[in-house]
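Open the structure in your viewer and keep the selection tool at hand. The stops below go from charges and rings to strands.

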Amino acid sequence: MQVTRFDVIIVGGGLAGLALACALRHTRLKIALVEQHAPRPAAGWDARVYAVSPTNAAFLQTIGIWKHLPTERMAPISAMKIVGDDGARLDFSAYAAGLTELGWILESSLMACELWENVKRQSNVTLLCPATPVELEMGTASALLTLTDGRTLAASLLVGADGRDSWTRTAMGLRAHITAYDEMGVVANFECQTPHRGIARQWFRRDGVLAWLPLAGDRVSIVWSTPDENARVLLALPAEDLCSRVAAAGNCELGTFTLLTPATAFPLRLVRVPQIVAPRLALLGDAAHGIHPLSGHGINLGYQDARTLAELLAARPEWQDIGNERLLNAYQRQRREETLLMQATTHALHHLFQQDFPGFRALRNLGMNLTNALPVLKNMLVRYATGAF
């Protein structure tokens, strides 16, 4: 059996896996990246967008990606407006927090394609695409990965970055506790009648959580986290009716809407993975965790996974085995606090606004209003969420 040897094998060429490969570009590590399909630019505007925090914008700048992203497709977030289900409000401002912006809204495919092009130019990366893993064997000195075409790869470290239904995680027998929310995230892009002025808007409604995210120009992308039944109703609406429904749900704050991309949806799940490392293995991105999208922090967690692991690998002594258990445990420790905090916060908020006991609605809306009246507390929350501390 012929074996091709690498230092690191990354299974999965999504945003987190590609970011890790880019972050290792100045190391001596020989890397293989295994992916089934290369990313492709979206036709028109991509309905899947992410809110990228300033901390992760700086990370993308460091790995050479940010400067190549087209500014005409990026929308800075200058403020956030959050509305409770009984009229309460919570407003965040970049200016009030001493920041230039709270983050940026970027299309998923835009980042993926730029990351992919960068990886293609890296001399220390071998792209194996299309390629699908079929068998994994962990030895004392290396991990052996067999592909469907019969090729066998060996590496000191295997990184699973292959999404929430991670093949790598399953092959290693690492447990994932999955909680289905019985909701779907309905996404679509619209042109709006009134300029959004860089304000991200979010409504906690009785039929779910609706977010309007600013896109470049007079456009918005929506994420409507709503029970499965209502999601199916929204997906079945004609374009004109969907526009009216979405505009009305946001009190027509941006006037009338015109549909730019057809609505699509994805199931919402909380994914907890107690162990994200094993001998010669590390998980990152959605393979390591999944959260409710109401915070918009999913990709930020994935990018910070990539940054942390890359820094640990680059800083280790040359003689140290990169599959060393102590090094991998350090990665797990450094990522555990932020991940658990975001999972607990989003899960609690989701359940908080699902409860409809007498007086409960008034209590949670009172809490929002009290927080809104305390600018010091608000600014601390903003700076923590954006990594500006």
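A charge counts as sitting over a ring if NZ of Lys or CZ of Arg is within 6 Å of the ring centre and within 35 degrees of the ring normal. Select R73 and W45: the charged end of R73 sits over the ring of W45, 4.0 Å from its centre. Then select R48 and F266, where the charged end of R48 lies over the F266 ring, 4.2 Å from the centre.

This is a predicted model, in which local features need pLDDT of at least 70 and side-chain atom pairs pLDDT 80 or more, while totals for chains, interfaces and linings use all residues. Residues are numbered from 1 along each chain as its sequence is written, and side-chain values use heavy atoms, without hydrogens and water.

Next, select F190, W203, W212 and F257, which form one aromatic cluster. Rings of Phe, Tyr and Trp (its six-membered ring) pair if their centres lie within 6.5 Å; planes under 30 degrees apart are stacked, over 60 edge-to-face, the rest tilted. The W203 and W212 rings have centres 4.7 Å apart and planes at 65 degrees, so this pair is edge-to-face. Both W203 and W212 are buried (under 20% relative accessible area, with exposed over 50% and partly exposed in between; 1.4 Å probe, protein chains only).

Nine of the nine residues in β11 are buried.

Definitions and conventions:
Helices (H or I, at least four residues) and strands (E, at least two) are DSSP runs, numbered from the N terminus.
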